[in-house]
Amino acid sequence: MLSLPVYIIASVIKTVLVIFILLTAVAYTVWLERKVVGHIQNRWGPTRVGPFGLLQPLADGVKFLVKEDLTPPHVYRPLFIAAPMIAVICALTSISVIPFGNSITIRGYQIPLQITDVNTGLLVVLGVTSIGVYGVALAGWSSNNKYSLLGGLRASAQMVSYEICLGLSLVGVLIVSGSFSLREIVQAQSGHFWGFLPKWNILYGGQFVAFFVYLMAAYAETNRIPFDLPEAETELVAGYHTEYSAMKFAMFFMAEYANMITVACLATLLFLGGWSGPVFGPPLLRSLLPVFWFVAKVFVFLFIYIWVRGTLPRFRYDQLMAFGWKFLFPLAIANLVVTALFVAYFSPK
Amino acid sequence: MLHLILFLVFGAICVAGAINLLAQSHPISSALSLVVVMASLAVEYLLLGAEFVAAVQVIVYAGAVMVLFIFVIMLLNAGEEERTKGSKVAMILGVPGILTAGLLIAWTLIHRSNAGSVTLGALPGSPQTIGKLLFHDFLLPFEVTSVLVLIAIMGAVVLAQRAETPNLPPGKEI
């Protein structure tokens with residue numbers, strides 16, 4: 001147990017560090033997306049600003065900061081201003097319970113690599129992201145614009161529907177791990193079976209169906225192609241953020257990418273074994289390698305996100321809803337029943 | 001001590017949200033006040049020690065039920081409410097009635113505090129405890145409730161289907 005001053009100092013440092021890294025990761029996920037999608041479409045992506053266009057996110061940030069912030073005359077002002085804030089606050093808050101690795105020891109103090117360890121961490125993430133829907137829905141409504149309203153309606157219907165599939169896909173993992181704490185779920189996945197295969201939930205727990213459901217639901221939850229109906233530019237101009245400009249628009253952008261990263265972190269923790277991986281070498285390397293494995297897995301997940309965006313077309317809205325309710329939902333329930341039966345049969349008496 | 005201060009603060013926010021819910025004339029503002037009520041109730045549960053109930057309160061009520069409320073308000077494009085002057089009966093009987101009932105409840109709770117009090121953070125609210133309670137002691141009520149919800153869903157489906165059957169033979173309209 002840490003003493004109170006040390007605890008506060010450690011928490012503040014961790015919070016600042018994590019938010020800084022998260023925002024940087026958000027900026028460079030945008031860069032990565034533009035680069036990868038560019039190459040998929042046989043273009044170069046950003047190349048002008050810095051080597052490989054690496055300074056492009058900074059240039060974009062400066063542009064967002066200095067652009068004129070327009071507020072259209074007929075919007076409902078309080079909610080119009082609050083909506084992007086709700087979106088970005090919820091997106092940034094959910095990272096606070098995500099563990100990035102084991103604890104490290106600095107000057108005799110054991111500091112866990114996580115802002116706060118809540119024993120219902122998974123539920124906290126789900127709760128915070130479910131509040132995030134308000135950002136999108138209220139943005140659509142308060143803009144007083146039919147395209148925005150349609151985008152907001154689509155977003156709220158889609159997110160509420162897919163949240164059920166998302167939650168059900170996680171229940172299988174919870175049954176296998178027997179805990180709500182993200183740290184304990186990861187610890188339950190350490191070790192190997194059959195000599196070499198890692199004991200990740202997707203393999204050892206047999207949760208590959210759940211992983212598939214989670215993947216699909218996560219695309220829908222974060223409004224990404226092929227489920228980006230709320231901002232389908234061919235039908236709705238830009239959907240719920242049509243009327244937003246400058247920093248308010250950037251907030252929605254940041255929220256979307258921060259949500260992507262949170263979803264990728266959750267997938268890593270719940271299905272891909274978190275920070276577990278081969279650890280070797282001197283003590284410093286030993287303490288940093290788990291974080292490296294964690295980041296590598298998150299990166300793979302983000303890459304798949306971008307890959308899908310570059311290859312798949314957009315669904316129709318009725319197809320989206322039918323897919324969610326008639327295919328994913330029964331699949332998630334079937335997975336839940338099968339997992340529960342297996343665990344009940346094989347668990348020690 | 002900190003817990004008590006937080007408990008009182010969020011209790012006040014909860015009551016303020018509930019009053020604001022009635023005072024606002026626009027449906028969206030009312031619905032958002034209700035979200036505030038739900039969220040601060042969740043914090044109260046958390047402070048009492050029922051972290052699972054708190055999380056479920058946020059996920060289900062603030063995150064799903066109220067989103068659907070707002071969805072419907074947006075869909076119907078409901079405008080400002082019309083104000084009436086209010087009925088005299090409500091003013092003469094209702095306000096004193098509410099005051100008396102509130103005082104009665106407060107008086108009973110203070111003088112019979114052993115009837116159902118819990119200290120802060122002491123509520124056994126872990127997921128394991130709740131699971132055991134729901135699936136052992138309260139299994140029958142739990143299942144009956146789920147059947148009730150199922151009936152409600154089926155009722156909603158039947159009501160929604162009614163408009164979509166225009167090809168019935170004459171004289172057979174529902």
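Author: The model is a predicted one, and I begin with a pair of helices in chain B: the axes of helix 2 (residues 27-48) of chain B and helix 3 (residues 51-76) of chain B come within 8 Å and cross at roughly 175°.

Reader: What makes the relation of helix 2 of chain B and helix 3 of chain B roughly parallel or roughly antiparallel?

Author: Angles over 145 degrees count as roughly antiparallel, and the crossing angle of helix 2 of chain B and helix 3 of chain B is roughly 175°; the two helices are therefore roughly antiparallel to each other. Among the residues that make the contact are Leu34(B), Val35(B) and Met38(B) of helix 2 of chain B, and Tyr61(B), Ala62(B) and Met66(B) of helix 3 of chain B. By class, the residues of this contact divide into 20 nonpolar, one polar and one charged.

Reader: How many helices and strands does chain B have, and what is the domain assignment of the chain?

Author: Chain B has six helices and zero strands. Its domain assignment gives domain 1 (1-79 + 118-123) and domain 2 (126-164), and the C-alpha centres of domain 1 of chain B and domain 2 of chain B lie 23 Å apart. Of the 174 residues of chain B, 16% count as buried, while residues 24 or more positions apart account for 65% of the contacts in chain B with a separation of 6 or more.

Reader: Turning to chain A, how do you know whether helix 8 of chain A is mostly covered?

Author: A residue is buried if 20 or more other C-beta atoms lie within 10 Å of its own, and 10 of the 14 residues of helix 8 of chain A are buried. Among them are Phe211(A), Tyr214(A), Met216(A) and Glu221(A). The buried residues of this helix pack against helix 6 (146-177), helix 10 (246-270) and helix 12 (317-346) of chain A.

Reader: What span does helix 8 of chain A reach, and what is expected at 1.5 Å a residue?

Author: Helix 8 (residues 208-221) of chain A reaches 19 Å from its first C-alpha to its last, which is close to the expected 20 Å. The helix is followed by Asn223(A), whose phi is positive, near 55°.

Reader: Why is Phe52(A) called partly exposed?

Author: The class lies between exposed, at 12 or fewer C-beta neighbours, and buried, at 20 or more; Phe52(A) has 13 other C-beta atoms within 10 Å and is therefore partly exposed. Phe52(A) is in the loop between helix 1 (4-40) and helix 2 (56-66) of chain A, and has a positive phi of about 55° although it is not a glycine.

Reader: Which helix of chain A supplies the largest share of the side that touches chain B?

Author: In all, 18 residues of chain A are in contact with 16 residues of chain B. Helix 4 (121-131), helix 5 (133-142) and helix 6 of chain A each supply at least two residues of the side of chain A that touches chain B, and the largest share, seven residues, comes from helix 6 of chain A. By class, this side of chain A has 12 nonpolar, five polar and one charged residues.

How values were computed. Residues numbered from 1 in each chain as written. Chains lettered and ligands numbered in written order. Predicted model: local features only at pLDDT ≥ 70, side-chain atom pairs only at ≥ 80, totals over all residues. Domains from an automatic or database assignment. Helix = DSSP H or I, 4+ residues; strand = E, 2+ residues; numbered from the N terminus. Expected span 1.5 Å × (residues − 1). Contact = placed C-beta atoms within 7 Å. Axes fitted to C-alpha atoms, helices over the stretch in contact; angles between N-to-C directions. Parallel < 35°, antiparallel > 145°, perpendicular 65-115°, else oblique. Nonpolar A, V, L, I, M, F, W, Y, C, P; charged D, E, K, R; others polar.
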